[in-house]
Every structure is written in C-alpha cells, then in structure tokens.
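Open the model in your viewer and get ready to select residues by number.

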Amino acid sequence: PFGPGRQGCRGITCLFVSTLMHLNRMFRLLWVMVVAACIDKTPVIASAASAVTTENVSYQDGSASLTGFIAYPSDSSGKLPLVMHVHTWSGLSDFEKQRAVRTAAELGYVGFAVSVYTDEETASTSGNDMQAKIAAVGKYTSAPELFVSRLTAAVNVAKGHARVNSSAMAAAGYCFGGTAVLQFAKQGGAAASKVLGVLSFHGGLGGLDAGNASFGTTKVLIANGAADSQIPNDDIHAFQAYMTNYAVPWEFSNYASAQHGFTHPSDGSDHFHFDANAEARSWQSMSDFLSSSLQFATPMSANMPAVTSENVSYMDGGESLTGFIAYPSDSSAQLPLIMHVHTWSGLSDFEKSRAMRTAAELGYVGFAVSVYTKEETVAAAGNDMQAKISATSKYNAAPDLVLSRLTAAVNFAKGHARVNSSRMAAAGYCFGGSMVLQFAKLGGAAATGVAAVASFHGGLGSVLPSSGLSHEYCPTRVTVYNGAADGQIPGTDIAKLEAKLEQSKTVWEVTTYANAGHGFTHPKDGSDHFHYEKVAEQRSWTSMASFVVSAWQHQDKAGQLNISSCGLMQSEDEENKGSTDTTSPCSDDNAAVAAAVGAYGITECRQDLCTGTYADMMKPMCKKTCGLCNTDDGEERSMTCADVRTLYKQSGCCGQPQKPFQWNRRLTDDDQGLDNVLAKVTAALQHDVSLGKKARAEDLSKKILDVLSDYL
C-alpha cells in the first residue's frame, strides 16, 4: 500500500516497478485481495499492516435518492485525491465497492463507488432481470444530461468529505459506467466539476461521436478488450476521430483476447468475461495515468544512481557491429536486460540515452544495439535521406538478416557479467520498432529467451506479410505504442497487426495516444521526421516498464517461454480463402440468442433488441429482424444519412489515417435527407480548414464527391 505519506510494502508479495519523476524509486502494489465490509466507518483490513476505512453514504440529485460507498486509508489524516467508480448496468454492487477499497489500499487515494441509478432502479437491476437492466440503460443513454446531473451530485458530495482533495479528482466507469463517465466528460460535466480525467473500462462507445462536445481540458483514458464484440471497431474509430476533432487529450489501449467486462470477476452470467492480464494491465495504466497525467502524486526529486557505461563491439558472422551498455554502478548482481534498437538514422545518442535511463530509473541493464553495420551507421547518421532509405529497405526486405543481427546482440549480452539472461526484453523505435516486431514474429525472441518486445512508433508494413511459419510472435509478448497523428502508420496496418497477434494467441496490447505524431519518443533528430510528444513519451515508457515485468513473471526460472498455448498461423492463401464471402442465407439465429441471453428470459430475436446499448451484440444474431438482409430483388439495403456521416469520420477526418471508401449499399433517393448529409459533411470539412488542415479537407472533399457522383 503506497500513497501520500505512506512507506514500505508489508505483508504481501509486491510487483515492483520504478517510475520516472512522480514515483521514482517507489514501489507499486499490483494485487491486493480485499473485500469491502459495507458497515459505516468500519476499518477494513487490506493487509496485515494497513487498514481502509469505509462509509456508506446517501445523497440526493434533486428528488432522486442515491447511494454511494467511500473508502480511504485509515492511517492518513490529510486530504487525498479522489477516484470515483461508476457501476455496470447491474447498478452499484460489491464490484465497484471493491474497486474503491483497492483505490484506497493500493494507491492511497479516496475511492468513491457512486450510483447513476436511483435506489429503486438499483434494486430492480441487481438481479437477472434483463428487461430491467435494458430499461435502465436506455433511460440514461437516451438522456445523457442525466449522467451529468447524477455524477455532478456525487462530486459535490465528495467535495464535502474531510478526506477529499477537491483539486485532484477523477472518475472511472465500467461497461455502462464507462459510457457514463465519457458522457460526463463530453457534456462538460467533468470540466465544470473540476474532474481532471475520466477512465472508461470496456465502456460502450456507440453514438458518442454525435452532436457537439464540451470536454474542456478533461483527459480521457479508454481501456478496451480486443475481443469485445459489444464494442465494434467502427465505434472505436469514430469516437477517436471525434475526440481528436475536439482536441481532447485521449489515449486508447486494446488488450489481447479480452472480452466484454474483463475487469469484472463474475456477475452470475456470461455477460462479463474476466481476463486477468487485461485487468492487471488496465489497472496499472490507470494508476500511472492518475499519478503522472493527472499529477495526483507529488513529484519526487530525481536522485538517480550512478551508472556505468561501456562502448562494445561484437560480431554477426563476418560483420562487425557496435553497441552501448549501461548498468547501475552500485549493483554487483545480475540484472534484467532491455535492448534498445535504433531508428533509421542508426545507433545514436538517443538510443544510448534510453539505455542509460533503463539503468538509472529501472535498475536494469540497458543495451543500445545496432542492426546496421558500422559503415551503414556512418552513412545513415547524417541527413542523407537516400542512405537512410537504402539501409531500411535492405533490412525490411531481408527479415532473416534482422533475425541474425538481433540474435547476435542477445548472445553478446548473455555473456556480460551484469546480465541476467533469464530476464530479457527488447524495445525499438521507428525502424527499430519494426525490427523488434520481426524478431518476435520470426521466433528469434522466443529462441533466445527474450520474453517481450515493445515497438514505439514502428512501421508495420514489413511485418504484416505471412512468414509461412506455423507460429508467429507467440509466446513472446508484444506491446505497440502508436501516435494517433502518425501519418506513416495507417490505421489499416494497425488493425491487420492486431488480427495477426490475436491469431497467434500471444499476449499483446496496442496503445494509441492523441496528438502524437511519428517519432513521439525522440526529442529531436535535426529534421521534421520525428515529432516529440511529452505525454505519449512518458506514458509509453512507464507502460513498457511494467509490461516487461509482467512478461518476466510468466517465464520459468531459466527464462523459458511456454509455446503450448500458441495458435497456428494461416498461410496467405488460407487468409485470402477465409476472406471470400461465403455468407449463408440471411436469417435470425434464435439458438445463439438463447445461448447468449437466455438467462435473462430472452430466447428469440425481437425488434427492441436491434436498438440501444447492446444492439451491436444482438444484430449479428438477429439479421432478419433487425433489417440487415438483402431485399428480395437482390439489391442491398439503402445507406442512411448517419452512415454517410460515420463514413466521413472514419476516412481521414481529424488526424485519423485515410481509409478507402468501401460502400456496399446504395444511397437513398431522399434528396432532402441527402442535402442534410452534405451540409453536415461540408460543416465538418470547414472545421478541418479552421484547424489549419485545408489540404486534407480538400483531398477528402474530392474523394467524397467522387464517390457520391456514382450515386447521384
């Protein structure tokens, strides 16, 4: 248990991660098993040496009676940051109360589990009555101003609490609650209440890109499950573009194989699907987001330990390569290793500084390595663009050479007196990000005992083609950090990589940062190729540090990785075959409906299931009822006005990578409706121009008109 005025890790196994500036040389406890006792002001023992005090509270929002639950560290008398936790569609429950207690026990903040539902609605939704849940969800999602009213009332209660620092507040929500906090931010409630940031865990995103917004300076973190069928990619892309359009400082993380409700241990049904990795990683991300992005933690003075560094040379066959090793001077033990692979400019002071930082901040061995030969490094070090292009093209076209280079670096590191060869990872930047992904994809990382690779703004084009191997990436864990404004990494490439990683069944995550362009970790390179972005650089560094620790936790003592859970990869022919349209006759699948929601008394498709928060889950099973089938004359159904607006947002607006227009439906002949669509598209284009994006707006305008001309 750590937080303001608290020291030590006592009575329970801790996962130690050292972080820069805000939590330097402190340790963060990642798991504490706590059950909140719901008795007014009763100490809840979180571990043998710490306690949490809890309070049940009642408050009003106008005439609506609401209930909440507050938890705070018993041994702290000062004011502390506040994190509100907003419930799922089942209403305030033990789950949200446990998150509040965990906030107090692990982070040292005040946790406040709050209710959007009235006390009567909470009682009706707490069981298995799906109709009650759907009705409650529908009531609030159709009237987002209620979210603002309810959460503002909760904030006002918190501000009056003796333990709450009202200048440091955030709101987290789960499923329905995730949507609630995003609406709270979008509608301006968070900014008006001085809530600095909101965090959505597997929250629905449908419709959030509609209408105007008043985010103000509220920061947004979204944690999503890559296998969550209730949150379509179209909704993700549309809301990301929408937030970017309003200059919202957002970040979005996708977690491997995680399904809906991955933070929730159980709810008595199949609606939630707990995923231990996604839950732990998203909690860690929240913890750092609160302490660094929202500055809940008091910055610590950076008393960095002394670091010893060495310039080294080693061989890959007949080629001589150079490297740079750094390790803490005050340690004689063998330490974990993180290799750092250079940009297209070759091994430079930038990668060496990352190696030094690895030693000083994390207490590991940092090893800046080279893929280029000495001659290529010299040629690429300056501003000769052709030399850089020539070198990158050589290695992108020869993945086996990449495998050889990085294997040589790992083998050299294993012979170093300070390196613990059972705990190794590799990070790469731009070109280097592509190289570490290739190293994992081709099995080089697993073969040499490298448990994890981290790609920072690395290009993906060269790693997408099939290798022909039965296994790719897995069991090496993969994390990718990307800038939303990085025009060199198309969103289509990210989607393809995620699909490959899912197929491999490795543990992976992809995080995207708003406003970050290409090379966001690189302070400068003497050109406009890299675009440093402080928040993305700091957040991605801390995320990498904890990610590699989680990977090492799953190695055996000898550093071996388990391949038994890995998936078999498809060949390119199989992938192409799999993409062929073999759609069966359009119909309702009532058996699937019964299997999915039969526990709630729903066994067949109905019209009311085609709309609302959970429509995205039901529509694929109820194609006929929801009107998604082709007409009898063979023509496909009309495209609606909303479809056209969504298409624009997903095709390049507001810093999102441009995607080809793929329309398989015809526009309606409703001239008035079409005029309204064109008016709104024109307004969106003009907004781009006002933001200094005239060239992109003109380009998109031409594409839209070209496509529309086929239908007008």
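What follows is a walk through ring contacts in a predicted model.

**Start with the overall count.** How many aromatic pairs are there? The count comes to 23.

**Select F95 and Y174.** These two rings form an edge-to-face pair. Their centres are 5.2 Å apart, with 80° between the planes. Now show the secondary structure. F95 belongs to helix α1, residues 94-107. Y174 belongs to strand β6, residues 164-174. The pair links distant parts of the chain, 79 residues apart. Are these residues buried or exposed? Both F95 and Y174 are buried.

**Move to Y242 and Y246.** Here the pair is tilted. Look for 5.0 Å centre to centre and 50° between the planes. Y242 counts as buried because its relative accessibility is 6%, and buried means under 20%. Y246 has a relative accessible area of 28%, so Y246 is partly exposed.

**Select Y117, Y140, F147 and F176 together.** Ring pairs link these four residues into a cluster.

**Next, look for charges over rings.** Select R102 and W283. R102 lies over the face of W283, 3.9 Å from the ring centre. Then go to R354 and F456. Which part of R354 sits over the ring of F456? The charged end does, at 5.3 Å from the ring's centre.

Key:
Residues numbered from 1 in each chain as written. Predicted model: local features only at pLDDT ≥ 70, side-chain atom pairs only at ≥ 80, totals over all residues. Heavy atoms only, no water. Phe/Tyr/Trp six-rings, centres within 6.5 Å; stacked < 30°, edge-to-face > 60°. Helix = DSSP H or I, 4+ residues; strand = E, 2+ residues; numbered from the N terminus. Buried < 20%, exposed > 50% of the residue type's maximum accessible area, 1.4 Å probe, protein only. Lys NZ or Arg CZ within 6 Å of the ring centre and 35° of its normal.
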